[in-house]
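Please read the following report alongside the sequence and the coordinates. It is written for a reader who wants cut-offs stated together with the values.

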Amino acid sequence: MGKLVICDHPLIQHKLTFIRDVRTNTKDFREHVDEVATLMAYEITRDIPLETITVQTPVTETESKVISGRMLGLIPILRAGLGMLEGVLKLLPAAKVGHVGLFRDPDTLQPVEYYIKLPTDVQERELIVIDPMLATGGSAIAAITSLKKRGCTQIKMMNLIAAPEGVAAVQEAHPDVDIYVAALDSHLNEHGYIVPGLGDAGDRLYGTK
Ligand code: PRP
Ligand code: URA
């Protein structure tokens, strides 16, 4: 079973409150999402492997650590995942980016894939799938399934807010995937929205409602 990590750093929790607040305007919403994404990137990379190299300081030669192992890939789920991408790239500027376009049919709540474009070496990378919302889990499961079909094996999921239903669904469908969230909320409402949540992440990021 993949682990669920709640990134409970006070700065993340503080900014999340403004993200949830219905009075927060599009500009401030976008900025807070960007900042939380950067802070979450710090948490999600906590266990990436290091190796020791020798470096010459101005004073002496010494051993010091650098990141080793697989290169990283970031996979935002369009469109709301784009709102977190730049924030993650601030800490991981060398990561390559693949895009998966999915929307949730408002009636069936089933994900519909309309676009996918991945780095050519995506199979060799450790991937972080990025989406602010994990509601029913349908979009996350579809995105991860698409990646696995293309040979990807090392995948983590990063969400601002998750519903318990979505976490359980992803853990069942993809037990090898660890999920990192800023908050685990109460439940889904009858429209498949997370309660208390933040509303429609894409609409709030891009001012489309
Ligand atoms: C939202 C969100 C997730 C999905 C979560 O996207 O960004 O991708 O819903 O719901 P699920 O867990 O039930 O699948 P949406 O379909 O609204 O598309 P958008 O990002 O283009 O606005
Ligand atoms: N997608 C959103 O943007 N918000 C929700 O609460 C659920 C799905």
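## Basis and confidence

This is a predicted model, in which local features need a pLDDT of at least 70 and side-chain atom pairs count only at pLDDT 80 or more, while totals for chains, interfaces and linings use all residues. Residues are numbered from 1 along each chain as its sequence is written, chains are lettered from A and ligands numbered from 1 in the order in which they are written, and side-chain values use heavy atoms, with hydrogens and water left out. The protein averages a pLDDT of 96, and 100% of the residues score at least 70, where pLDDT is the predictor's confidence in each residue, from 0 to 100. The scores for the model are ipTM 0.98 and pTM 0.96.

## Ligand 1

Around ligand 1 there are 14 residues, of which Arg-104, Asp-131, Thr-136, Gly-137 and Ser-139 come nearest; a residue is near a molecule if one of its heavy atoms lies within 4 Å of it. The shell divides into 6 nonpolar, 5 polar and 3 charged residues, with Ala, Val, Leu, Ile, Met, Phe, Trp, Tyr, Cys and Pro counted as nonpolar, Asp, Glu, Lys and Arg as charged, and the others, Gly among them, as polar. Strand S6 (99-104), strand S9 (133-134) and helix H4 (138-149) each supply at least two residues of this shell, helices (H or I, at least four residues) and strands (E, at least two) being DSSP runs numbered from the N terminus.

The polar contacts tabulated here are pairs of N or O atoms within 3.5 Å.

| Ligand atom | Protein atom | Distance |
|---|---|---|
| Ligand 1, oxygen | Ala-135, polar backbone atom | 2.9 Å |
| Ligand 1, oxygen | Gly-137, polar backbone atom | 2.8 Å |
| Ligand 1, oxygen | Ser-139, polar side-chain atom | 2.6 Å |

Taken alone, ligand 1 exposes 500 Å², and the protein buries 90% of that; accessible areas come from the Shrake-Rupley method with a 1.4 Å probe. The space that ligand 1 takes is the largest pocket.

## Ligand 2

Which residues are around ligand 2? They are Arg-104, Met-133, Ala-135, Gly-192, Tyr-193, Ile-194, Gly-199, Asp-200 and Ala-201, and they divide into 5 nonpolar, 2 polar and 2 charged. An oxygen atom of ligand 2 is 2.8 Å from a polar backbone atom of Ile-194, a nitrogen atom of ligand 2 lies 2.8 Å from a backbone N or O atom of Gly-199, and an oxygen atom of ligand 2 lies 2.8 Å from a backbone N or O atom of Ala-201. Of the 240 Å² of accessible area that ligand 2 has on its own, the protein covers 88%.

## Backbone geometry

The peptide bond from Leu-78 to Arg-79 is cis, with omega near 0°, and Arg-79 is placed in the loop between strand S4 (72-78) and helix H3 (82-91). The peptide bond from Val-195 to Pro-196 is cis, with omega near 0°, and Pro-196 belongs to the loop between strand S13 (194-195) and helix H6 (201-206). Leu-109, although not a glycine, has a positive phi of about 65°, and Leu-109 is found in the loop between S6 and strand S7 (111-117).

Key: A polar contact is a pair of N or O atoms within 3.5 Å; within protein, one must be able to donate a hydrogen and the other to accept it, and residues adjacent in sequence count only if both atoms are side-chain atoms. On a 1 Å grid over the protein atoms alone, a cavity is a set of points where a 1.4 Å probe fits but cannot get out, and a pocket is an open set with protein on both sides within 12 Å along at least five of seven lines; lining residues have an atom within 4 Å of a point. A molecule sits in a cavity or pocket if more than half of its atoms lie within 2 Å of its grid points.
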